[in-house]
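User: Please examine the following model and answer some questions about its local geometry.

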Amino acid sequence: MQYEAVIGLEVHAELQTKSKMFCGCPVVDATKAEPNTAVCPVCSGMPGVLPVVNKKAVEYALRVALALNCQVARTSIFARKNYFYPDLPKGYQISQYEQPLAENGELIIDTPQGEKTIRIRRVHMEEDTGKLTHVIPEEDEPYSLVDLNRSGVSLLEIVSEPDLSTPDEVTSYASGLRDIVRTLGVNSGDMEKGVIRFEANVSIRPVGYKELGTRVEIKNLNTFRGMERAIRYEFQRQSALLDAGLPVIQETLGWDETLGVTYSQRGKEEAHDYRYFPEPDLPPLLVEKEWIDKIRSQLPELPRARMLRLQQKYALPIDEARMLSADLNILQFFETCAQLDPTLSPKTIANWICGQLFAWFNISDESITTTKIQAQDLVELLNLTQSNRINQTTAKSVLEVMLLTGKHAATIIAEQNLEQVSDQVEIEEMVMRVLVENPDQMSAYLNGKETLENWFFGQIMRLAGGKANPSIIKNILNEKLKKLKSASPSK
Ligand SMILES: [Zn+2]
């Protein structure tokens, strides 16, 4: 039997406002702050305290809802979601249930078959829980630590319809959402810091069937790669069950990144298990039309629009256009370079940013906002390459030094004497020297082993310390070899 996957995604994105959703505690970096230092009676669930809605959080949520083309509810209701867990000191989470802030949105993704619209069922506001750390000492009983710094931080839940069918589509959608919240300035998109988190609902059905299969929910998806692997794994697991005539059980699964398997966490709750009811301590949330209009008019250019613009304006391939447009700072860096020197090809600039710069950001702790070089510096380097003062290989190593030290390209080239040798006479001397000093290779070449031309090229470049102009070497070498060949008796 052939099956297809039916996947919906739930995304939790912290709204990175200065203070929490219902109290004045600061929102701190969970990976840096001391535990329980950003806590007050409200977010630690003391009796008798009252929540107050953070207006900025509502504004941030509206930005996302509008960017996703949702219908915003002028009136939405906060609700209590009741459950007991040690990271939830009140015994309930303030969320939204029957009347969420926004519904019926969409996000367009690119697939190998073209554009695909993923419908968004709802966008609602809630508060985050605390964080548990489970400790298993070698010679003692295991215990858990509770950190309430995250408790009460504003959280946006974005729920898609089950419109996704492949792991690749899931990644496009998830990264598309992440790029949007980043662009809107409401979330840093740092998955490793847990400020944006994903859960996938996965079911399968025989190809061609309309009816949905039993779905499972997979939690703890902390990386895009992990998410893809988990969905592939689930697809295989459920296919094997159905093929064996066994049912898929509706449950909540965790994902073990190391073992590469999903595992059962608990039976799936139904909404009625949570005993939702309207939060009595908060009035309905009313949103003025003028406010919505104002926020809508101030939305920045969104990632997909930026990508299409880049692709058209600079004639870039779609992949590079996407890489450059995902982050606003990268986009500005690229466009500044292109404007600073219109004689440079945008494709070349894009290649250097997507290649060398991104590689550096991957291996270093730096990003486009913290890097030591500015658009002007990259343009200077590319100019020196374009005008043949240095060759491509040298340019790459010069850029590495620039990124490490913040020095200008010209300074590094002067200091390390890297300027490209383009002097005909000088290069001709080097060519002759290599040909004369390697008689064995020379005679092999003359006997028909023409691929040795590349070997000679390498030797000459080595002699030149990598600094010679490669096209001049090639021309002179080719010319010399031709002459030698026509002068030698053919065998
Ligand atoms: Zn607080």
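User: In this predicted model, where does Arg 275 lie, and is Arg 275 buried or exposed?
Analyst: Arg 275 belongs to the loop between β14 (261–267) and β15 (277–278). Its phi is near 50°, a positive value in a residue other than glycine. The relative accessible area of Arg 275 is 57%, and exposed means over 50%, so Arg 275 is exposed.

User: Which strand holds Asn 104, and what is the phi of Asn 104?
Analyst: Strand β6 (residues 102–111) contains Asn 104. At 47% relative accessibility, this residue counts as partly exposed. Most residues other than glycine have a negative phi. Asn 104 is not a glycine, yet its phi is positive, at about 55°.

User: What is the geometry of the zinc ion site?
Analyst: The protein donors are the SG atoms of Cys 23, Cys 25, Cys 40 and Cys 43, lying 2.3 Å from the zinc ion. Along the chain they follow the spacing C-x1-C-x14-C-x2-C. Cys 23 and Cys 40 both lie in the loop between β1 (3–14) and α1 (55–67), so the pair ties together parts that are 17 residues apart in sequence. The angles among the four donor atoms are 100 to 114°, and the site is tetrahedral.

User: Is Cys 23 buried or exposed?
Analyst: Buried means under 20% relative accessible area. Cys 23 has a value of 12%, so Cys 23 is buried.

User: How are α14 and α15 oriented to each other?
Analyst: Helix α14 (residues 452–463) and helix α15 (residues 470–487) pack with their axes 10 Å apart, at an angle of about 130°. Their crossing is right-handed. The contact includes Phe 456 and Ile 460 of α14 and Ile 473 and Leu 477 of α15. Given the angle of about 130°, α14 and α15 are therefore oblique to each other.

Note on methods: Residues are numbered from 1 along each chain as its sequence is written. This is a predicted model: local features need pLDDT of at least 70, side-chain atom pairs count only at pLDDT 80 or more; totals for chains, interfaces and linings use all residues. Side-chain values use heavy atoms; hydrogens and water are left out. Donors are N, O and S atoms within 2.8 Å of the metal (3.2 Å for Na, K and Ca); water is not among the atoms, so sites may look incomplete. Four donors count as tetrahedral if all angles lie between 85 and 135 degrees; four count as square planar and six as octahedral if opposite donors are over 155 degrees apart and all others between 65 and 115; anything else is irregular. Helices (H or I, at least four residues) and strands (E, at least two) are DSSP runs, numbered from the N terminus. Buried means under 20% relative accessible area, exposed over 50%, partly exposed in between (1.4 Å probe, protein chains only). Axes are lines fitted to C-alpha atoms, for helices over the stretch in contact, and angles run from 0 to 180 degrees between N-to-C directions. Angles under 35 degrees count as roughly parallel, over 145 as roughly antiparallel, 65 to 115 as roughly perpendicular and the rest as oblique. A crossing is left-handed if the near helix is turned anticlockwise from the far one by less than a right angle, and right-handed if clockwise. Contact means heavy atoms within 4.5 Å.
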